[in-house]
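This report describes a pair of protein chains, element by element. The sequence and the structure are shown first, and the description follows.

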Amino acid sequence: MSAITRDEVAHLARLSRLALADEELDHFAAQLDVIIGAVARVAEVAADDIPPSSHALPLTNVYRPDEVRPSLTPDQALSGAPAVEDGRFRVPRILGEEA
Amino acid sequence: MSTETLMPYDEALERFEPVLGLETHVELGTASKMFCGCPTTFGAPPNTHVCPVCLALPGALPTANAAAIESTIRIGLALNCSIAEWCRFARKNYFYPDMPKNYQISQYDEPLCSDGYLDVEVDGKTVRIEIERVHLEEDTGKSTHVGGATGRIHGADYSIVDYNRAGIPLVEIVTKPIPGTDRLAPEIARAYGTELREVMRGLGVSDVRMEEGSMRFDVNVSLMPRGSSEWGTRTETKNVNSLRSVERSVRGEIERQAAILAGGGRIFQETRHFHENTGTTTSGRSKEEAQDYRYFPEPDLVPIAPDTAWVASLKAALPELPSARRKRLQQEWGVSDLDMAAMHNADAIGLVEATVAAGAPPADARKWWMGELARRANEAGVPLSELLITPDQIARVCAMVAGGALNDKLARQVLEGVLNGEGSPDEVVAARGLQIVNDEGELTAIIDQVLADNAAAADKVRSGKIAAVGALVGGVMKASRGKADAGRARELLLEKLGVSE
């Protein structure tokens, strides 16, 4: 019986930069608990002869040759940027004054 | 900036023992990026080497660069590592705009190479640095912080990002903790960096240009009181980008931590920044707050399973490694450990090797590079390789000395002329008139003059005080402006004075 705690949801929310209200923490804790429980059922059918995998296809060693392909133009590259300065992506302040 | 107190290094080492750890990032010299076909050349205008994959546009998928996998395995083999038979990339999640994906593709608990070592030489002793792992990841973009008082990230108003570097294949080489270095910790850290750079050069996997950031170090240092066996808390100084700075950062961090510990304080596990101008470090972000990267196997890439026979063929085809080359050359040249270490430290081994290849005897090649030329390089504040003289030219000077056309004193003047840009050794000899005086008539005339000018010394020699002939030989050398053959002059002087040895 896995029980996702409120603190764990708050930690995940902080790592994911999500601002969750107190009541949302309880709400999502319960939902995540159900999801984890559903996924855990896979372990019930996975026998010792089934190796864990992280990919849907049983492939290894899929590579590309070391060859240069055309890049985007700077205009194309920056076309989706909310703000641009000096040919670069402009992003808000990263860290505050503290530390 | 730092106003922290430091404890003098000698005192710090009397009271504490350091433990080191080094993480090295090496940008591979592939033509294209790790997971897309964008070029990797340095110095392009911003955001011209980017595509949907390395900009993380929706739907874009990575494919691993075969050459980067091969280079990483070769690095692992050169560092005596085991190569994984099966391993995966992992996703390292973090929010920071240097990666547009909000994660970096790296490796976590399944590195491509593990458990190796690299032997380095310090003070004539071989120190074995154990390698924990070598893994493959992608480099990040370059942020420029705008506004604020310092131009650094803290206090900046905003940042602007160039993603040309994002996605360039990056190999991370991590040592195991290195205890027992004692007071040589700074030198050992530097020697490791130097040796690692030579291994990378020898393999041809990276241009290892530290000033362009293609090789950079994170330096971990902790201290424990003498006699203790429990390691202290470590700090990690990030992105140290010269070998000299590696050495200085270890020394500076030992002095800083020792002062804090001796004053009853404690060390916090944190990242620190190294400042070139002062040789000190200042606190960066605290490590505790940013450690939860939620690594998981990268779902967009399939596992790496290097074929055992292929790995064996890569191992068999490794070039001669720098330490083996040095051992071979030392044997061929017949020089002592100490002399070899001195040449290594002066970055002179390749130059001496080239000079020998151009026909000079090893002893002569070493004498000039480590003597006169090292002195001149030192005066000019440049490395030996930047002197305006070639191994071929040194070999030519050696040949002229061996053939009797020059003595050492004249040879030094020839070298000076070449370094001054006066032309080849032969041109300098001709232009400055530096041929040794072999004409017996001219030499005899000089000797007669010297004997006439130094009658008292001449009488001494005549009366049997043969040692006094030295002053007369000196006079001949002076009168000939160094161009006389000193041995022949001595013979002729003794003959004229009617004495024999």
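## A helix pair in chain B

In chain B, helix α3 passes helix α4 in a right-handed crossing (a crossing is right-handed if the near helix is turned clockwise from the far one by less than a right angle, and left-handed if anticlockwise). The contact is made by B:A185, B:P186, B:E187, B:A189, B:R190, B:G193 and B:T194 on the α3(B) side, and by B:L243, B:V246, B:E247, B:V250, B:R251 and B:I254 on the α4(B) side. Residues are in contact if their C-beta atoms, placed from the backbone, lie within 7 Å. Helices (H or I, at least four residues) and strands (E, at least two) are DSSP runs, numbered from the N terminus.

α3(B) covers residues 185–203 and α4(B) residues 243–262; their axes come within 8 Å and cross at roughly 155°. The axes are lines fitted to C-alpha atoms, for helices over the stretch in contact, and angles run from 0 to 180 degrees between N-to-C directions. The two helices are therefore roughly antiparallel to each other (angles over 145 degrees count as roughly antiparallel, under 35 as roughly parallel, 65 to 115 as roughly perpendicular and the rest as oblique).

## Basis of the model

The model is predicted: local features need pLDDT of at least 70, side-chain atom pairs count only at pLDDT 80 or more, and totals for chains, interfaces and linings use all residues. Residues are numbered from 1 along each chain as its sequence is written, while chains are lettered from A and ligands numbered from 1 in the order in which they are written.

## Overall form of chain A

Chain A contains 3 helices and 3 strands, which follow one another from the N terminus as α-α-β-α-β-β. Its radius of gyration is 22 Å, whereas a compact globule of 99 residues would have a value near 13 Å (the radius is taken over C-alpha atoms, and the globule rule is 2.2 Å times the number of residues to the power 0.38). Along its principal axes, the C-alpha trace of chain A spans about 55 × 45 × 25 Å.

Of the 99 residues of chain A, 8% count as buried. A residue is buried if 20 or more other C-beta atoms lie within 10 Å of its own, exposed if 12 or fewer, and partly exposed in between, with C-beta atoms placed from the backbone. A:V9, in helix α1 (residues 6–15) of chain A, counts as buried with 22 C-beta neighbours inside 10 Å. Leaving aside neighbours within four places in sequence, A:V9 is in contact with A:I4, A:L25, A:F28, A:A29 and A:L32. A:A56 is 47 residues from A:V9 along the chain, and the C-alpha atoms of the two are separated by 28 Å.

## Where the chains meet

In the interface, 34 residues of chain A are in contact with 44 residues of chain B. On the chain A side, the elements that give two or more residues are β1 (63–64), α3 (74–78) and β3. The largest share, 5 residues, comes from β3(A).

An open sheet of 4 strands has the order β2(A)-β3(A)-β9(B)-β8(B), with antiparallel pairing (two strands pair if DSSP finds at least two bridges between them). Its edge strands are β2 (84–85) of chain A and β8 (142–146) of chain B, each pairing on one side only. β2(A) is joined to β3(A), residues 88–92, by 2 bridges, and A:V84 stands opposite A:F89 in β3(A).

## Strand pairing within chain B

Strand β1 of chain B (residues 16–27) is joined to β11(B) (residues 215–225) by 11 bridges, and the two run antiparallel. B:T24 has B:F217 as its bridge partner in β11(B). β1(B) also pairs with β10(B) (residues 169–175) in the antiparallel sense, over 5 bridges; there, B:V26 has B:V171 as its bridge partner.

A further open sheet of chain B has 3 strands in the order β5-β4-β15, with antiparallel pairing. β5 (103–106) and β15 (296–297) each have a single partner strand, so one side of each is left without a neighbour in the sheet. Strand β4(B), residues 90–93, pairs with β5(B) over 4 bridges, and B:K92 stands opposite B:Q104 in β5(B).

## Two loop residues with positive phi

Most residues other than glycine have a negative phi. B:N80 has a positive phi near 60° and lies in the loop between α2 (66–78) and β3 (82–83) of chain B. With 16 C-beta neighbours inside 10 Å, B:N80 counts as partly exposed.

B:R294 has a positive phi of about 45° and is found in the loop between β14 (280–286) and β15 of chain B. B:R294 is exposed, with 12 other C-beta atoms within 10 Å.

How values were computed
Two residues are in contact if their C-beta atoms, placed from the backbone, lie within 7 Å.
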